[in-house]
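Morning, everyone. Let me put the structure up, and then we'll go through the interface and the aromatic rings.

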Amino acid sequence: MISAASIIFIVVGMIVMMVSNSMPTISRFGLAFLTGSEWKPADGVFGALPFIYGTIVSSLIALIISVPISLGIAIFLTEQAPKKIAAPISFMVELLAAIPSVVYGLWGIFVLAPFIRDHLGVFLETYLGWIPVVGQLFQGRLTGIGMLTGGIILALMTTPIITSVVRDILEVVPNTQREAALALGATKWETTMIVLGNAASGIAGAVVLGLGRALGETMAVTMVIGNSPQISASLFEPAYTIASVLAANFAEATDELYLSALIEMGLVLFLVTFVVNAFAKLLIMSVASGKAGAKNV
Amino acid sequence: MLSALMTGLTSACAVFAIAILVLILTYIAVRGFSAINLEFLIDTPKPVGEGGGIGNAILGSVLMTVLATGIGLPIGIGGGVYLAEMGSNWFGSIVRFLADTLIGVPSIIVGIFIYTLIVLPMGRQSGLAGALSLAIIMIPIVARTTEEMIKLVPKSMREGALALGAPEWRVTWNIVMPAAASGIATGAMLAIARISGETAPLLFTALNSRFYNYFYDQPMASLTVQIYNYATGPFDVEHQMAWAATLILVGLILAINVAVRYLARRRY
């Protein structure tokens, strides 16, 4: 009972401590804190917009890449692969989730970033850079460190999470559905589409869960996104996320207003991820009430 | 035709994920092994170019993980037992819901919480603050796995004991807990693996230290923060040390995961 209550104390304590410690900026800037695009701690100017922008865009890049891949893996594991192949592959995907964030960051700096600078970035600039409007995304200084690299690292990190939740959800779809579809003459792929349709809200939940992870992911992103508070159309340019500005500056923030600004950003991130996770949980529960998925939520 | 094509596509996705895993592990193994030696494992950090090692960081990680486990494990297991045995009311559902969302809250937020709660009043960063943040990350994970494991214990065992006249606490303690013990241990091991790889909550709670430090009231080095500092440092020597330290960290975490998997398979 006391142990269980401690979980409530932790959550309530987090909200109370963070609100009370961010009062200086909340009372001073109000909502302008969230919409201001200038971030100059030395001058006492704090606008969180570049960080909010960086967080959202990097997470979107991550999901655009990781959702199709995760769905593919999950479908392969549950609908197509024989059990003997599926089991070791699931395990390897789980190992991907077990690798610490800081290790992804290290790998990102020394392996992924040079690859993007020398190959992927050049490729994107050559083949997509000339398209009007959209092309702006793929023009600019290619250093390998920037929004695109951050997004790709996030994609690699969210893939195992989305995969395992989708896999659990597909596993609870009753086999009778598959048999019925096959009996009516549907091909294997048509059957899979029917199964996916029935699990749709659970899959949406898995994606939202992945979004929650991407929004809050800290170390790996901090190490590869370039840490510069700007809003730039180009995905090659460095950016900043809420989590990474906390990681990079918190230890040095000595002045009260600066610290308060960082804590308020932490509060924003906390509330957003809390709502996103709660939403994901509701979606997943609607499909798999009880066991499946719960261990990953 | 379409079916075959889609199977090709989905298996390509699976191959991609495995390739990424292999790629990451190979880089760690190749770069890590070339930089590792005994001095590196026991020495403290030295100015760039003079060698040095990560002995104090390994010690710091171990000390903080041990304390975090000491705090987080009993609370987590206690909470899980409560949820499984008495948690089918509104209080239980609130706790369960908060635990699930807490698992998804970014770990750096936990760091901020502990910073405002412990570091500001104490006036300095400390190993204690680092260990407490890790404990907070651990509690909801352990609570939820414990609950799942206890629920797997067959009802008939419980009913049998109750029918023999055992009081409820006795049934929980002497019948249900031993039956669920190995599952709970598995969950605990995975939670330990998880917190030993955490970096973000330690950055400004435990900070870092250049020396061997055995006291929880002082700033403490950790393997993960050390990797972060070395990786973002400007010198090649530092990068090499980052890879070597990563080899140790990832080796440990993968070993736990593989061991847990092996033990879990033997059980069923």
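Across the interface of chain A and chain B, the rule finds one salt bridge. Keep in mind that this is a predicted model. Which residues form the salt bridge? Lys281(A) and Asp100(B), with the closest N and O atoms 2.7 Å apart. On the side of chain A that touches chain B, helix H1, residues 2–21, gives the most, with 13 residues. By class, that side of chain A has 50 nonpolar, 13 polar and four charged residues.

Now the area. Chain A and chain B bury about 6,500 Å² between them, and 83% of it is on carbon and sulfur atoms. Three residues, Ile7(A), Trp107(A) and Trp189(A), supply 10% of what chain A buries against chain B, more than any other three. The contact takes 67 residues from chain A and 75 from chain B.

On to the rings. Over all chains, the structure holds 16 aromatic pairs. Take Trp39(A) and Phe51(A): edge-to-face, 4.7 Å centre to centre, 75° between the planes. Trp39(A) sits in strand E1 and Phe51(A) in helix H4, so the pair ties together parts 12 residues apart in sequence. Both Trp39(A) and Phe51(A) are buried.

Next, Phe123(A) and Tyr127(A). Their centres are 4.9 Å apart and their planes are at 45°, so this pair is tilted. Both lie in helix H6 of chain A, four residues apart, separated by about one helical turn. Tyr127(A) counts as exposed, at 53% relative accessibility.

Last item: ring pairs link Phe29(A), Trp39(A), Phe46(A), Phe51(A), Tyr240(A) and Tyr258(A) into a cluster.

Notes. Residues are numbered from 1 along each chain as its sequence is written. Chains are lettered from A and ligands numbered from 1 in the order in which they are written. This is a predicted model: local features need pLDDT of at least 70, side-chain atom pairs count only at pLDDT 80 or more; totals for chains, interfaces and linings use all residues. Side-chain values use heavy atoms; hydrogens and water are left out. Contact means heavy atoms within 4.5 Å. Buried area is the accessible area (1.4 Å probe) that two parts lose on being put together, summed over both. A salt bridge is a side-chain nitrogen of Lys or Arg within 4 Å of a carboxyl oxygen of Asp or Glu. Helices (H or I, at least four residues) and strands (E, at least two) are DSSP runs, numbered from the N terminus. Ala, Val, Leu, Ile, Met, Phe, Trp, Tyr, Cys and Pro count as nonpolar, Asp, Glu, Lys and Arg as charged, and the others, Gly among them, as polar. Rings of Phe, Tyr and Trp (its six-membered ring) pair if their centres lie within 6.5 Å; planes under 30 degrees apart count as stacked, over 60 as edge-to-face and the rest as tilted. Buried means under 20% relative accessible area, exposed over 50%, partly exposed in between (1.4 Å probe, protein chains only).
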